[in-house]
Amino acid sequence: MNNTLEKPQQITFDITDRCQMQCVTCSKWKTVSADVMQKELTTEEWKKVLSDLRNWLGEGFWFCFSGGEPFLRQDIFELADYAHSLGIKVASMTNAFSIQHLYERIVNSPIESLNFSLIAINNPIIHDESRGREGSYEKIIDAIMEIKKLKEEKHSNIGINIATIMFPENLEEVIPLVEFVTLNRLNGIMFQLLDDKESFQAYCVRESSKTSVYTMPKELRMKYKNMSKRAIEIIDRLIEMKRAGHSIYNSYEQLEAMKIFFNNPDDILHDIKCDVGSTNFAIDPYGEVRLCFNMDSVGNIKDTLPEVLWENAESQKCRNLTKSCKMYCRMLNCNFKHNFANFNKSFSVKCINKLKKILTGKL
Ligand SMILES: C[S@@+](CC[C@H](N)C(=O)[O-])C[C@H]1O[C@@H](n2cnc3c(N)ncnc32)[C@H](O)[C@@H]1O
Ligand code: SF4
Ligand code: SF4
């Protein structure tokens, strides 16, 4: 038993590889095979995962449904209800392309944090082109506004958040997106740097990357280089806006790290330690568990309890590999100790957690 190891704080249920979009930034839709649905964990298997996690982590922890598109699983509400009955808090990502018939159900469900992947606000074409489906902008805006209306009518506490990738095509949309969130009194917005789309493979075909010898593809390096000057100006503006009270979830630490990255991407490899090995616990549609989504599975949760996976030799190997890793996905939001779920926690819960850390000498 490793006594210094904390329990994970970022728990993700990637409940399906399936997706109806064809995002230019993501390879999941290209790599998913036809028979994946039959191989996914069943509803009962996911429920067992939830109760095993509850036994290990206790009440009140958060997890996030992601994928693929999580709302393509018909049982998402049944799983959310079950999690709620165990005292577990539920968040979800969505592309919002196929949820038009689900607005009422979503607002009535125990999902406490719904994170819409919106790429642009002023120019619908940027969103549609990045998502590879015409009409996706119209659908996601309809979903955000209708769910917000229902939330107000029903006095629901569901958090409505925006998740945005920052890349050359949408740089001029970044500030207007923050303004959109503030103007419409949504809960907040989180930015994520564009990562290598090869890292976004469907889990059914995913192989571990050679993380210690990774080199960034030339085309991606050029993309970052060309956007760097403007990106730094925009990040500076985001820092100002956050100080002025706009609900930007990225920490100052992450925003500063983004600036270092745009100045010279390689600096990040020395300056930012990747901590996913001690924070992340991601379960794929088939039950395989990863601490780092670019490394091997540490075992299958169908056969082994989560606490055993967390402490096993494969997890330890993964933690060791993070030390020599040369990949840039350390800039993604999962490596910074905030996610949407955490941000929906009440201020008092955050203060108590911080105080506990100070008292136990962990801060
Ligand atoms: C893989 S998706 C899964 C959930 C859902 N399908 C969605 O798009 O919201 C999770 C998040 O990753 C983002 N994403 C996709 N490709 C990315 C890339 N190359 N770099 C960084 N984030 C990316 C998406 O925009 C989304 O916010
Ligand atoms: S980013 Fe999300 S919506 Fe886009 S293809 Fe990947 S899984 Fe689907
Ligand atoms: S940077 Fe972190 S998340 Fe990315 S491959 Fe390395 S260890 Fe994994």
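Predicted model: local features only at pLDDT ≥ 70, side-chain atom pairs only at ≥ 80, totals over all residues.
Reader: What is the mean pLDDT of the chain, and where is the pLDDT below 50?

Author: The mean pLDDT of the chain is 92, and 92% of its residues reach 70 or more. Over residues 339–349 the value is below 50, although this stretch has 24 contacts in the model beyond near neighbours in sequence.

Reader: Why is Val90 called buried?

Author: A residue is buried if 20 or more other C-beta atoms lie within 10 Å of its own. Val90 has 24 C-beta neighbours inside 10 Å, and therefore counts as buried. This residue lies in strand β3. Leaving aside residues up to four places away in sequence, Val90 touches Phe63, Ala80, Ala83, His84, Pro110, Ile111 and Glu112.

Reader: What makes β6 and β9 edge strands?

Author: The open sheet has 9 strands in the order β6-β5-β4-β3-β2-β1-β7-β8-β9, with mixed pairing. Both β6 (188–193) and β9 (299–300) pair on one side only, and they are the edge strands.

Reader: How do you know that β7 pairs with β1 and with β8?

Author: Two strands pair if DSSP finds at least two bridges between them. Strand β1 (residues 10–16) is joined to β7 (residues 280–283) by 4 bridges, and these strands run parallel. In β7, Phe281 is the bridge partner of Ile11, and Ile283 is that of Phe13. Between β7 and β8 (residues 288–290) there are 2 bridges, and the two run antiparallel; here Ile283 has Val289 as its bridge partner. The strands β7 and β8 form a hairpin with 4 residues between them, and Gly287 in the turn has a positive phi of about 95°.

Reader: Why are both faces of β7 called covered?

Author: In a regular strand the side chains alternate between the two faces of the sheet. In β7, Asn280 and Ala282 on one side are buried, as are Phe281 and Ile283 on the other, and both faces are covered.

Reader: What makes up the shells around ligand 1 and ligand 3, by class?

Author: Around ligand 1 the residues divide into 8 nonpolar, 8 polar and 3 charged. Of these 19 residues, Thr25, Cys26, Met93, Ser117 and Asp195 come nearest. Two or more residues are given to this shell by each of β2 (62–67), β3 (89–94) and β5 (159–166). The shell around ligand 3 has 7 nonpolar, 3 polar and 1 charged residues; among them are Thr211, Cys274, Val276 and Arg330. Cys counts as nonpolar and Arg as charged, so Cys274 belongs to the nonpolar group and Arg330 to the charged one.

Definitions and conventions
Residues numbered from 1 in each chain as written. Chains lettered and ligands numbered in written order. Near = placed C-beta within 6 Å. Buried ≥ 20, exposed ≤ 12 C-beta atoms within 10 Å, placed from the backbone. Contact = placed C-beta atoms within 7 Å. pLDDT = per-residue confidence, 0-100.
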